[in-house]
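This report describes a helix, its neighbours and several loop residues. Please study the sequence and the structure shown below before reading on.

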Amino acid sequence: MSHNLLKGKKGIIFGALDSSSIAWKVALKCVEHGAEIILTNAPIALRMGSISELSKLCNAKVVPADATSVSDLEKLFKIAKKEFNGKIDFILHSIGMSLNVRKKREYTDLNYDFLMKGLDVSAVSFHKMLQIAYKLNIINDYGSVIALSYIAAQRTFPDYNDMAENKSYLESIARSFGYHYGKRNKVRVNTISQSPTFTTAGKGVVGFDAFFEYANKISPMGNASSDDCAKYCVSLFSDYTRMVTMQNLFHDGGFSKTGVSQDVIDMFKSSI
Ligand SMILES: NC(=O)c1ccc[n+]([C@@H]2O[C@H](COP(=O)([O-])OP(=O)(O)OC[C@H]3O[C@@H](n4cnc5c(N)ncnc54)[C@H](O)[C@@H]3O)[C@@H](O)[C@H]2O)c1
């Protein structure tokens with residue numbers, strides 16, 4: 001049910017690849033709540049994925065942009081300004097990639113060229129988009145910028161590999177840029193730390209099925225779905241959260257605050 005929480009607002013959604021992508025769900029939910037959006041992804045993802053389908057559903061223009069390319073991002077923001085006839089109100093950064101994970105390099109045997117590429121795509125790209133938006137002054141006062149993170153930024157999950165460092169860096173950018181953007185334009189910058197979710201990026205993590213089930217059993221409310229994540233994003237893009245900034249917000253059914261659950265204890269009891 002829509003309450004038009006984003007009526008009159010305009011935004012850019014990065015990272016919808018296919019219908020399993022978290023960004024796909026966020027795009028649909030934003031439009032359901034009255035927003036106008038532009039969709040963007042890396043040129044190769046636009047060729048491989050199914051974003052044109054989403055573009056039709058959302059009545060949204062698709063603009064290719066490699067999020068690591070300053071010139072692509074500048075072009076994208078200028079197109080958005082023209083398309084919307086003015087400034088934007090929100091941005092979703094839903095981008096992650098580790099070449100070490102893709103190439104199955106162990107954390108104790110990282111390739112540093114891969115590491116630098118993954119850091120650029122997964123984290124530095126967030127600084128790039130914020131810096132360009134700031135310099136072009138493209139976001140309205142009280143606008144909202146969100147990036148998606150994972151709890152491996154705070155706690156160790158061995159198979160998450162160098163994505164753990166990428167997420168720590170990403171969350172730090174939200175705090176640091178949140179200060180400057182808050183001071184100048186009252187623009188909010190936050191990260192959402194989402195439960196494991198079955199998507200192309202998620203399934204790339206070794207042992208993802210077991211990982212997903214474990215989190216589901218630990219979390220008192222179970223894992224948060226991508227649909228729920230989309231609703232949370234809408235609330236953070238809306239005017240109801242205008243003073244929330246520089247936060248890493250756990251959206252995980254309680255996982256981050258739970259030591260152990262009765263479900264997991266019972267599993268061990270039955271195997272003893
Ligand atoms: N799936 C999970 O379990 C989970 C949990 C917590 C956080 N996250 C985070 O959510 C975000 C979205 O991932 P997802 O799970 O929806 O997977 P996904 O594979 O659908 O999305 C990742 C996106 O990143 C895009 N991308 C990669 N390189 C890019 C580049 N150079 N420029 C622009 N875009 C680029 C891909 O094309 C893709 O659309 C990521 O930051 C991910 O780390 C995912």
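How are α1 and α10 oriented to each other? The two helices are oblique to each other, where angles under 35 degrees count as roughly parallel, over 145 as roughly antiparallel, 65 to 115 as roughly perpendicular and the rest as oblique. This is a predicted model, in which local features need pLDDT of at least 70 and side-chain atom pairs count only at pLDDT 80 or more, while totals for chains, interfaces and linings use all residues. Residues are numbered from 1 along each chain as its sequence is written.

**Helix α1 and its partners**

Helices (H or I, at least four residues) and strands (E, at least two) are DSSP runs, numbered from the N terminus. Helix α1 covers residues 22-32, and α10 covers residues 226-237. Their axes are 8 Å apart and the helices pack at an angle of about 50°. Axes are lines fitted to C-alpha atoms, for helices over the stretch in contact, and angles run from 0 to 180 degrees between N-to-C directions. The crossing of α1 with α10 is right-handed; a crossing is right-handed if the near helix is turned clockwise from the far one by less than a right angle, and left-handed if anticlockwise.

On the α1 side, the contact is made by Ile22, Lys25, Val26, Lys29 and Cys30, and the residues of α10 include Ser226, Asp227 and Phe237. Two residues are in contact if their C-beta atoms, placed from the backbone, lie within 7 Å. By class, this contact of α1 with α10 has eight nonpolar, one polar and four charged residues. Ala, Val, Leu, Ile, Met, Phe, Trp, Tyr, Cys and Pro count as nonpolar, Asp, Glu, Lys and Arg as charged, and the others, Gly among them, as polar.

Helix α3 (residues 51-58) is another partner of α1: the two axes come within 10 Å and cross at roughly 10°. Helix α1 is therefore roughly parallel to α3. Trp24, Ala27, Leu28 and Val31 of α1 meet Leu54, Leu57 and Cys58 of α3. By class, this contact of α1 with α3 has seven nonpolar, no polar and no charged residues.

Why is α1 described as largely enclosed by the rest of the structure? Nine of its eleven residues are buried, that is, 20 or more other C-beta atoms lie within 10 Å of their own; a residue is exposed if the number is 12 or fewer, and partly exposed in between. Among the buried residues of α1 are Trp24, Lys25 and Lys29.

**The ligand shell**

The ligand is surrounded by 27 residues, and the closest are Ser21, Ala45, Gly96, Ala201 and Gly202. A residue is near a molecule if its C-beta atom, placed from the backbone, lies within 6 Å of it. Helix α8 gives the most to this shell, with three residues. By class, the shell has 14 nonpolar, twelve polar and one charged residues.

**Residues with positive phi**

| Residue | Phi |
|---|---|
| Glycine 34 | near 95° |
| Asparagine 137 | near 50° |
| Lysine 186 | about 60° |

Glycine 34 follows α1. Asparagine 137 lies in the loop between α6 and β5 and is exposed, with 11 other C-beta atoms within 10 Å. Lysine 186, in the loop between α7 and β6, counts as partly exposed, with 15 C-beta neighbours inside 10 Å.
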